[in-house]
Amino acid sequence: DLPRELHSWRQMADYSPEMRQFACLLHLYHIKAYDYLRKILPLPHPYSLTKQAAAGFSSDIFLRLQEKVERGDQACSCCAVLVQDVSLQKQQEWDPRSKQLSGFVDLGAGILDADEAPLASEAIVLMAVGISSPWTAPLGYFLVNSTSGPFLAQLLRQAIHKLNSVGVVVLAVTSGASARGAETARALGIRIDPKRIRCTFQHPPGSAHSIAYFFDVPHALLLIRNALQCFQKVEWLGDTMWWQHVVELAALGEQKVLEPCSAESGRAGSKGSYHLKVNLATLLFSKGVAEALEHLQKLGLASFQSCSGTAKFVRLMSSLCDVFYGRGPYGKEPLLAGNYTKISNLFDEARSCFVNLTDSVGRYIIKSKRKLGFLSLLLNAESLKWLSSNHTCLKGTPSQHLHTHAFSLDPLEQFLRALQQACGSSGSPTCAVFQAAYHKLLASCSLAPGSPPSSGNASPWDVSLSQRRALTLGSIRAQYHPAPGRPLAPEYPYSAGLLLPSSALSNALTDLSLYAQSLTCTAGWVAEQLALDLQCEPCLASLFEADESRLRCRSVLYIKKLGGVSLPSASVHHITSISEQVLNQYGKVGSANNNTKLWHLCLEQKVFQELLGESPLFPTLTKHLFEGELSINNHYTVLVKEITRCYLNVRTHPTQHLNLKYPCGRHELKTLKGKHLFPSPLGSCQSSLTHTWS
């Protein structure tokens with residue numbers, strides 16, 4: 001399809017579609033070959049190809065960014081560029097709108113009209129993220145059947161050039177911490193050698209403008225987790241980190257612990273029993289895990305007597321995460337001038353640790369095949385230090401500080417998750433389905449500060465991307481002790497729903513103490529069931545009552561039990577109490593006309609109405625629950641909704657959830673009738689009943 005005669009190229013004022021495809025493909029796949037041919041043929045300048053490849057990029061997004069910059073919106077003047085790939089199902093489909101076959105490779109110059117046109121197996125998605133303000137802009141996508149580092153580097157350079165042309169300055173680029181990501185970094189000119197790291201590259205090449213390179217921190221942490229699991233034991237500068245300590249912590253089942261009661265309790269010399277359990281939603285590399293290891297060591301547990309080195313390594317990793325995630329003692333803006341010295345010292349400590357890490361036979365891990373995770377964090381540290389000293393374009397903006405969350409793939413992966421939900425399937429979508437979903441989300445993109453476009457169907461238990469399931473203690477426990485299935489509720493004398501009244505007659509005949517005990521046990525069972533699904537450490541800990549006298553750490557829970565069931569927190573108990581009141585007032589349990597989805601939704605609405613205007617629930621989670629954009633799916637509303645839903649389900653369908661056996665006969669019930677396990681209302685005695693180390 002291409003003219004062979006040289007004069008045919010020189011005489012054509014406009015390029016044909018075939019020539020445009022050839023120029024675009026050649027430049028993306030082999031820039032050196034393109035430069036060589038430009039000496040012979042009048043091929044367009046590389047940067048002019050971005051105009052011809054506008055189909056791959058979203059032209060409307062760049063126009064809207066340009067309008068914002070021209071209006072003086074300083075928040076859009078600087079950004080970071082993120083790149084990620086999406087797996088596609090290789091499938092040829094007929095597009096009724098364009099009346100053409102789809103599913104083929106498309107790099108922005110159109111589909112190759114030939115028999116040998118390859119089917120696409122991946123989509124490369126690029127996104128711009130604000131640095132001084134949390135706006136996001138999907139820049140475009142490219143359908144490919146194979147990728148390489150140099151190819152991704154060319155795509156990034158084209159995206160950077162298009163952003164620069166509309167007045168947006170790119171300060172950083174982020175890719176996944178993978179072999180392909182490392183190849184992309186090297187193609188851009190990044191050096192990842194720990195002895196001489198180069199964390200920036202020039203764009204355009206040879207210019208004075210430098211751009212920092214980052215690897216996605218959660219990806220890097222996952223690689224480090226895998227390396228530690230592979231080596232089992234690592235040593236550095238006299239300290240030893242044992243992976244087995246982490247396994248023992250994750251696998252720690254409920255253990256009964258006896259503690260002497262305080263003198264204030266009036267029972268000096270007696271002992272109170274507590275059930276110690278691990279919060280499986282805790283992130284592996286967190287301060288909570290380090291404190292848990294040290295606490296278990298103080299308790300004298302044999303498995304944790306030599307865990308000082310493990311706790312030290314985990315605490316170091318936790319401090320690094322605080323900086324990269326913009327949390328903890330450094331706040332959301334860790335690169336403020338007052339933090340620079342502390343952060344620089346922390347990075348020096350991490351470098352000394354990583355460079356000197358050795359395995360059990362003395363081989364340096366930084367030189368092994370498991371080095372990429374450690375090198376990624378070292379490169380990120382250098383990039384943050386460079387940006388803190390060189391980000392001059394943010395002067396005069398509403399926020400003159402860098403927000404480190406902009407240098408992770410979290411915003412892009414959140415967009416891709418919404419994209420997958422819009423595709424309507426959990427597997428890899430076809431090209432046609434992917435493109436339809438992408439353009440649907442693109443239409444809802446406002447470039448306003450806040451979350452990326454969402455399909456509106458996000459799972460209520462979806463957590464922030466920094467708390468990935470693979471990096472929690474629960475994931476480690478699942479590897480070594482896979483659960484055969486969801487455990488049944490434990491048997492206890494006051495099984496949920498067994499003694500709770502559902503009629504006026506039962507209200508009059510039921511002993512109030514038995515009623516309170518049954519309600520509390522039901523609320524405790526609800527808390528235990530929700531704890532099986534929660535992946536948010538603070539939220540999981542809030543299901544059980546806290547003992548303020550203990551060191552604040554939510555990774556180890558001390559729980560008082562009643563009849564084998566954990567006692568709930570005051571907030572959980574209050575929500576279930578209101579739910580029970582609503583249930584008694586608006587419906588008869590077990591009625592055939594009431595056990596419908598609409599009836600349940602009406603009951604949930606009534607519960608929310610009753611809770612409005614009352615004292616705030618979960619007082620220990622005020623800051624956590626309302627971080628970021630307020631929406632109906634924040635953690636606060638999710639907790640209330642799920643507690644209500646779970647309680648109503650177990651009350652209206654008790655046989656589906658509980659072992660409704662009668663462990664106590666009539667005589668035992670009579671004996672218990674005079675007993676009061678709650679000498680005072682629940683809210684006034686919870687600190688003596690349920691203790692959480694939080």
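Reader: How many helices and strands are there in the chain?
Author: The model is a predicted one. Of the 694 residues in the chain, buried residues make up 52%. The chain holds 26 helices and 15 strands.

Reader: Among contacts between residues at least 6 apart in sequence, what percentage join residues at least 24 apart?
Author: Contact here means heavy atoms within 4.5 Å. Counting the contacts in the chain between residues at least 6 apart in sequence, the share that joins residues at least 24 apart is 74%.

Reader: Which strands stand at the edges of the open sheet, each with a single partner strand?
Author: Six strands form this open sheet with mixed pairing, in the order β5-β4-β1-β6-β8-β7. Two of the strands have a single partner strand each, so one side of each is left without a neighbour in the sheet. From one strand to the next, the twist averages 25 degrees. The strands at the edges are β5 (136-144) and β7 (200-202).

Reader: In which sense do strands β4 and β5 pair, parallel or antiparallel?
Author: A hairpin of five residues joins β4 to β5. Across the pair, V129 stands opposite T136, and A128 has A137 as its bridge partner. Strand β4 (residues 122-130) and β5 are linked over eight bridges, and their sense is antiparallel.

Reader: How many of the nine residues of β5 are buried?
Author: A residue counts as buried under 20% relative accessible area. Strand β5 is largely enclosed by the rest of the structure, because the number of its nine residues that are buried is nine.

Reader: At about what angle does helix α14 run to β1?
Author: Helix α14 (residues 410-423) lies across β1, β4 and β5. Its angle to β1 is about 45 degrees.

Reader: To which strand does α7 run at about 165 degrees?
Author: Helix α7 lies across β1 (78-87), β4, β6 (169-175), β7 and β8 (210-215). The strand to which α7 runs at about 165 degrees is β8.

Reader: Why are α6 and α7 described as oblique to each other?
Author: The axes of helix α6 (residues 149-165) and helix α7 (residues 179-188) come within 7 Å. Angles of 65 to 115 degrees count as roughly perpendicular and those under 35 degrees as roughly parallel. The crossing of α6 and α7 is right-handed. The two helices cross at roughly 60 degrees, and are therefore oblique.

Reader: How many charged residues does the contact of α6 with α7 have?
Author: From α6, the contact is made by G149, P150, L152, A153, L156 and R157, and from α7 by R180, E183, T184, A187 and L188. By class, six residues of this contact are nonpolar and two are polar, while the number of charged residues is three.

Reader: How are α8 and α11 oriented to each other, roughly parallel or roughly antiparallel?
Author: Helix α8 (residues 217-231) and helix α11 (residues 308-325) have axes 11 Å apart and pack at an angle of about 170 degrees. Angles over 145 degrees count as roughly antiparallel. The two helices are therefore roughly antiparallel.

Reader: Of which class are the residues in the contact of α8 with α11, nonpolar or charged?
Author: Helix α8 contributes V217, P218, L221, I224 and L228, and helix α11 contributes F313, M317, C321, F324 and Y325. The contact has no polar and no charged residues, and ten that are nonpolar.

Reader: Which residue in the turn between β9 and β10 has a positive phi?
Author: Strand β9 (residues 233-236) and β10 run antiparallel and are joined by four bridges, with V234 opposite M241. The hairpin has two residues between its strands, and the one in the turn with a positive phi, of about 45 degrees, is L237.

Reader: Is K68 buried or exposed?
Author: K68 is found in helix α5 (residues 59-70). Beyond its neighbours within four places in sequence, K68 is in contact with D73, C76, S446 and L447. Because its relative accessibility is 17%, K68 counts as buried.

Reader: What is the relative accessible area of L375?
Author: L375 is in helix α13 (residues 372-390). Leaving aside neighbours within four places in sequence, L375 is in contact with I192, P194 and I366. L375 is buried, and its relative accessible area is 7%.

Technical notes
Residues numbered from 1 in each chain as written. Predicted model: local features only at pLDDT ≥ 70, side-chain atom pairs only at ≥ 80, totals over all residues. Heavy atoms only, no water. Axes fitted to C-alpha atoms, helices over the stretch in contact; angles between N-to-C directions. Left-handed = near helix turned anticlockwise from the far one by under 90°. Nonpolar A, V, L, I, M, F, W, Y, C, P; charged D, E, K, R; others polar. Buried < 20%, exposed > 50% of the residue type's maximum accessible area, 1.4 Å probe, protein only. Pairing = 2+ DSSP bridges.
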